[in-house]
Amino acid sequence: MKKYNFNAGPSMLPREVIENTAKQILDFNGSGLSLAEISHRAKDFQPVVDEAVALIKELLEIPEGYSVLFLGGGASLEFCMVPYNFLKKKAAYLNTGVWAKKAMKEAKLFGEVVEVASSAEANYTYIPKDWECPADADYLHITTNNTIYGTEIRHELQVPVRMIADMSSDIFSRPVDVSKYDCIYAGAQKNLAMAGVTLVIVKDDALGKVDRSIPTMLDYRTHVEKGSMFNTPPVVPIYSALETLRWIKAQGGLKMMDKLAHERAEMLYAEIDRNKLFRGTAKEEDRSLMNICFVMNDEYKELEKPFLDYALSCGMVGVKGHRSVGGFRASCYNAQTIEGVEALVKCMQDFEAQH
């Protein structure tokens, strides 16, 4: 039986990315050594980093004056590194979910934090509107996609300050105006690569502005100067990122990723809205294209576990919702296929027919 991977992260990768990475793990570039055992300073590996950085700059149309880094620690470490490097006196944070709240918590260790708006009172089912960002803030921090709650900011906000964004779960799914941001960071395990590396895009002239001393490993300038090679980088995840970037470019780039994201999501949301058993959890205008969250209607609540069991029997993997929301979550990152979404829709329709 064919399996369809809807896990929220680590999530599915394009099959050719997995196969090509696996080949290099067995024998990297015909060297007789595994990608998993070569030195990150091997002459054959630097071109991997160089090509990956070049493709990121090309796909995102990153302007001059930005550096692309591959770091460790996941987005969670960036929650600390961002204020360490950018918060001078006051920072503004938009609270749209668990990860935004965690980022805000870390920032409070370094200075004043203003929560410009929050949707916590409605369990983060919408993106707050009609709020103001203080013009004297050092930056506004946003989380563009909220994997747990299924909401997403899919456009650049118009605010009077520079922005910093956690794009862990929707980067490379749409074009982005990088010039609006001093820093963009993303854990790789959604749209870019296997887990184990974090992508950071940082504006060079925004660094070195804070008065505090920054530990060497937590200073972005360290990694800019050393080209992500200050300490041993995660070689295999970086290579899998390169293969994914090649795949994205071959598919037609970010405009095509955006088009496919809309097609997948619209198909699945249409079934959720039509099917009498289910209902979506996020406000319609803020629905994520990456993480589609839905629950059983109240009168069919007892069918939640039977549906999960049935979905699994049909090859649907990872559709159980996060405990904060319950119900179901179908993650439709770049590698998810239209075929996979069609299979899930059919599964929902067949289950409805049975009940």
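This is a predicted model: local features need pLDDT of at least 70, side-chain atom pairs count only at pLDDT 80 or more; totals for chains, interfaces and linings use all residues.

Reader: OK, and which residues touch the most other members of the largest nonpolar core?

Author: Those are Ile 56, Leu 60, Leu 140, Phe 172 and Ile 201, in a core of 59 residues. The largest share of this core comes from helix 6, residues 235–251, which supplies 9 residues.

Reader: What about another core, apart from that one?

Author: There is one of 34 residues, and its members include Ile 272, Phe 278, Tyr 300 and Met 316.

Reader: Switching to charges. How many salt bridges does the count come to?

Author: The count is 22 salt bridges. One of them joins Arg 15 and Glu 19, with N to O at 3.4 Å.

Reader: Where do Arg 15 and Glu 19 lie?

Author: Both are in helix 1, residues 15–26, and they sit 4 residues apart, about one turn of the helix.

Reader: And is Arg 15 buried or exposed?

Author: Arg 15 has a relative accessible area of 57%, and the cut-off for exposed is over 50%, so Arg 15 counts as exposed. Glu 19 comes out at 40%, so that one is partly exposed.

Reader: What does Glu 263 form a salt bridge with?

Author: With Lys 259, where the closest N and O atoms are 2.6 Å apart.

Reader: How about Lys 305, which residue does its side chain meet in a salt bridge?

Author: Asp 309, at 2.8 Å from N to O. Helix 8, residues 304–313, holds both of them, 4 residues apart or about one turn of the helix. Lys 305 is exposed at 55% relative accessibility, whereas Asp 309 is partly exposed at 40%.

Reader: Which residues are linked in a network of salt bridges?

Author: Glu 51, Glu 243 and Arg 246 are linked that way.

Reader: Nice. On to rings: how many aromatic pairs does the count come to?

Author: It comes to 13 aromatic pairs. Among them is Phe 28 with Tyr 239, an edge-to-face pair at 6.3 Å centre to centre, with 85° between the planes.

Reader: What does that pair tie together?

Author: Phe 28 is in the loop between helix 1 and helix 2 (46–59), while Tyr 239 is in helix 6, so the pair ties together parts that are 211 residues apart in sequence. Phe 28 and Tyr 239 are both buried.

Reader: And why is the pair of Phe 278 and Phe 307 edge-to-face?

Author: Their planes are at 65°, and over 60 degrees counts as edge-to-face, so the pair falls in that class. The ring centres of Phe 278 and Phe 307 are 5.0 Å apart. Phe 278 belongs to strand 11, residues 278–280, and Phe 307 to helix 8, so this pair connects parts 29 residues apart in sequence.

Reader: Are those two buried or exposed?

Author: Phe 278 and Phe 307 are both buried.

Reader: Last one: which residues do ring pairs link into a cluster?

Author: Phe 278, Phe 294, Phe 307, Tyr 310, Phe 328 and Phe 351. Phe 278 is also one of the members of the 34-residue core.

Conventions
Residues are numbered from 1 along each chain as its sequence is written. Side-chain values use heavy atoms; hydrogens and water are left out. A nonpolar core is a set of buried Ala, Val, Leu, Ile, Met, Phe, Trp, Tyr and Cys residues joined through side-chain atoms within 4.5 Å. Buried means under 20% relative accessible area, exposed over 50%, partly exposed in between (1.4 Å probe, protein chains only). Helices (H or I, at least four residues) and strands (E, at least two) are DSSP runs, numbered from the N terminus. A salt bridge is a side-chain nitrogen of Lys or Arg within 4 Å of a carboxyl oxygen of Asp or Glu. Rings of Phe, Tyr and Trp (its six-membered ring) pair if their centres lie within 6.5 Å; planes under 30 degrees apart count as stacked, over 60 as edge-to-face and the rest as tilted.
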